[in-house]
2 protein chains.
Amino acid sequence: MPTSKDVAAAAGVSQSTVSYVMSGKRPISEKTRKKVEAAIEQLTYQPNAGARALASRRTNVLGLVIPLTPDAHVGSLSEFIAVIAATARQHDRDILLVTDEEGTEGLQRVVGQQLCDGLILMQVEADDDRIPVVRKLRVPVVFIGIPNEAEGLSCIDADFALAGRQCIEEFAAAGHQGATVIGWRPESGDRKLNFVDRFLGGAFEQAEASGLALSHVSGSADIASIEAAVDGGIAAADGPPAFASPEEPVLEMLPRILLDRGLKPGVDVSIIGVGTQTKSLGERLRLTTIDLEPRTVSRRAVELLCNFLKDGDGGQRQHLELIPPVVTQRDSTIPSPTH
Amino acid sequence: MPTSKDVAAAAGVSQSTVSYVMSGKRPISEKTRKKVEAAIEQLTYQPNAGARALASRRTNVLGLVIPLTPDAHVGSLSEFIAVIAATARQHDRDILLVTDEEGTEGLQRVVGQQLCDGLILMQVEADDDRIPVVRKLRVPVVFIGIPNEAEGLSCIDADFALAGRQCIEEFAAAGHQGATVIGWRPESGDRKLNFVDRFLGGAFEQAEASGLALSHVSGSADIASIEAAVDGGIAAADGPPAFASPEEPVLEMLPRILLDRGLKPGVDVSIIGVGTQTKSLGERLRLTTIDLEPRTVSRRAVELLCNFLKDGDGGQRQHLELIPPVVTQRDSTIPSPTH
DNA sequence: TTGAAAGCGTTACCAT
DNA sequence: ATGGTAACGCTTTCAA
């Protein structure tokens, strides 16, 4: 492997000049730059990351802490990961994986060994064990998810509360008097992750504001309980019923179940799908969807962390960023009845 | 951050002794080891990864090249990733992510910058662009997937051919004279990934050996074409029909479709599910399943790479490892009829 | 505009 | 069994 010393020799300049050509940290005459660049090209020189990290005290690597057992709602965890890795590269950084299997020791390890300059934590819980550790970590950390005690931390997530409100607004605008949310499966929430509560909070708040009767039942993969939820929703409805759900299996079955009961989606009943992969789902089932934009969340997390690393080094900055969901209306929302 | 120099001072020994205590590369008296370990503990010393890499010419990092757009069959790409990262830790190594968006330059970059000691490539295609690049890479590389030209390469994958054979063996043992494979969706194969052909190759080979009439249709998510495939299978069957499929939506629908036609799974018809997450699926639908063991594949990929790194450094070694699928019989396989 | 040289924190060789 | 010290390959200060 050629070193910058080899490049310097080949170009007939000093090693420091090679370094400055690469970093652009000081003006270089056109002539010597050409020489150096030619030598770099010719030798296919690539700087040694370890040496660079040692000398500059920066690794240009970001640690990404992933859950070992992805909870359901994350949809495609791998999509988050891939977007994060790709965005990192756009900022000239690489991603080091840390599984949360390692626990908080893992965080201390990768930071302590100076394997990375900052961290992104996924699947952040309401009262996350890792928060006290992170607070004294000396490197910037971005949370994906909003813990209950977030002061002093940098957090990014989809705006679940807004999604809940938007959902009800859609129903209200379509003239519904009542609606049923067939929510996440109980395992998904488990009081650890708080996005379920955030969504429901937004939904109930907006229901009150819109004077719409809202009820909520937990989601499920089994058909009998979905049917029960539907029948409940129909019985409770004063006028055409409306359903919203973040669970794909529920959304897959809803149209058929409703048709079985003589209700035509888009005419006699509204359905909204909420989630992370809603585009194709919504197109296929002709549903109005509220997408939680996981790619945007991922991208912003990286951008935020890179910003922290850019200006001033070290510490955390308080930051709370909620990505607005994207509503896509399709024809399964019933037309507003004339009063 | 404390350095090994600080530890040495605190323990009253030389820096090299600290190093040897940590690496165990030479005998240390019990007494000084205690002193050093106490100092390490007390200062919460952690070795600087960059310095270590620079001096030892090893990063203890493995590069993992992931597809940016996961093809369907991978099931849970994130499961692969998490298992790989966790296994790497068990071997005292970390994982650096590389997206294949970077293309072959990405491989040359992470190796050239000496960010990692070896690579694992996922989603390897039959005639993969990356192979010629990998061949001259000077670090060990493990492929997950079997390219057509594999000489000199280290490849690991599920044994799709065996899965195909096992599938037919099950049907033959249950007394079927014919069977239908409702295969992968055309997008999955696309002649790039060759696991589809490997599976079908094994299945047809075994069908011939068992004197069983086998037909194959492509999978699909849409219900009409699945029904068509089922009807075709029923019509062609000389005796009770049998179906196998690797597509979850197909498997979800098969029992209902068959019941609609008066065929009771496990009594009048056999179904086998093939795939990567078959445990819960099989239990829920009472299917016999053939699991392709993605976790084992992932784990072995890491172990293999770590072995290459252990003894002798550098180059590739030829290696081909096919992970046998796990067959789990459940009561949807019809009992062998008495002849 | 450029060069020389002092680190950065380890490892590993050569001594003792 | 332990210590001294020369690398490792880069960045950056200090000089010119």
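Two strands count as a pair when DSSP finds at least two bridges between them. Keep that in mind as we walk through this predicted model, starting with a sheet that draws on both chains.

In this open sheet, 12 strands line up in the order β11(A)-β5(A)-β4(A)-β3(A)-β1(A)-β2(A)-β2(B)-β1(B)-β3(B)-β4(B)-β5(B)-β11(B), and their pairing is mixed. Look at the two ends of that list: β11 (319-323) of chain A and β11 (319-323) of chain B are the edge strands, and each has a single partner, so one side of each is left without a neighbour in the sheet. From one strand to the next, the twist averages 20°.

Now zoom in on chain B. Its strands β1 (residues 61-66) and β3 (residues 118-121) run parallel and are joined by four bridges. Within this pair, B:Val65 stands opposite B:Leu121. Over in chain A, helix α14 (residues 294-310) packs on the sheet, where it touches β1, β3, β4, β5 and β11 of chain A. The direction of α14 makes about 165° with that of β5(A).

In α4 (residues 49-56) of chain B, the residues B:Ala49, B:Gly50 and B:Ala53 are buried. Seen down the axis of α4(B), these buried residues fall within an arc of 100°, so they line one face of the helix. What do the buried residues of α4(B) pack against? Their partner is α4 (49-56) of chain A.

Let's step back to chain A, whose domain assignment gives domain 1 (4-47), domain 2 (61-158 + 295-324) and domain 3 (160-292). The centres of domain 1 and domain 2 of chain A, taken over C-alpha atoms, are 35 Å apart.

Chain A has another open sheet to explore, with six strands in the order β7-β6-β8-β9-β10-β12 and mixed pairing. Here β7 (213-217) and β12 (326-328) stand at the edges with a single partner strand each, so one side of each lacks a neighbour in the sheet. The twist averages 15° from one strand to the next. Strand β6 (residues 178-182) pairs with β7(A) in the parallel sense over five bridges, and A:Ile182 stands opposite A:Val217. Across β6, β7 and β9 lies helix α10 (residues 195-210), running at about 160° to β7(A).

Finally, meet helix α11 (residues 223-236) of chain A. Its buried residues include A:Ile226 and A:Val230. Viewed down the axis of α11(A), the buried residues fall within an arc of 100°, so they line one face of the helix. Among the elements covering them are β6, β7, β8 and α12 of chain A.

Notes. Residues numbered from 1 in each chain as written. Chains lettered and ligands numbered in written order. Predicted model: local features only at pLDDT ≥ 70, side-chain atom pairs only at ≥ 80, totals over all residues. Heavy atoms only, no water. Domains from an automatic or database assignment. Axes fitted to C-alpha atoms, helices over the stretch in contact; angles between N-to-C directions. Contact = heavy atoms within 4.5 Å. Buried < 20%, exposed > 50% of the residue type's maximum accessible area, 1.4 Å probe, protein only. Arc of directions from axis to C-beta.
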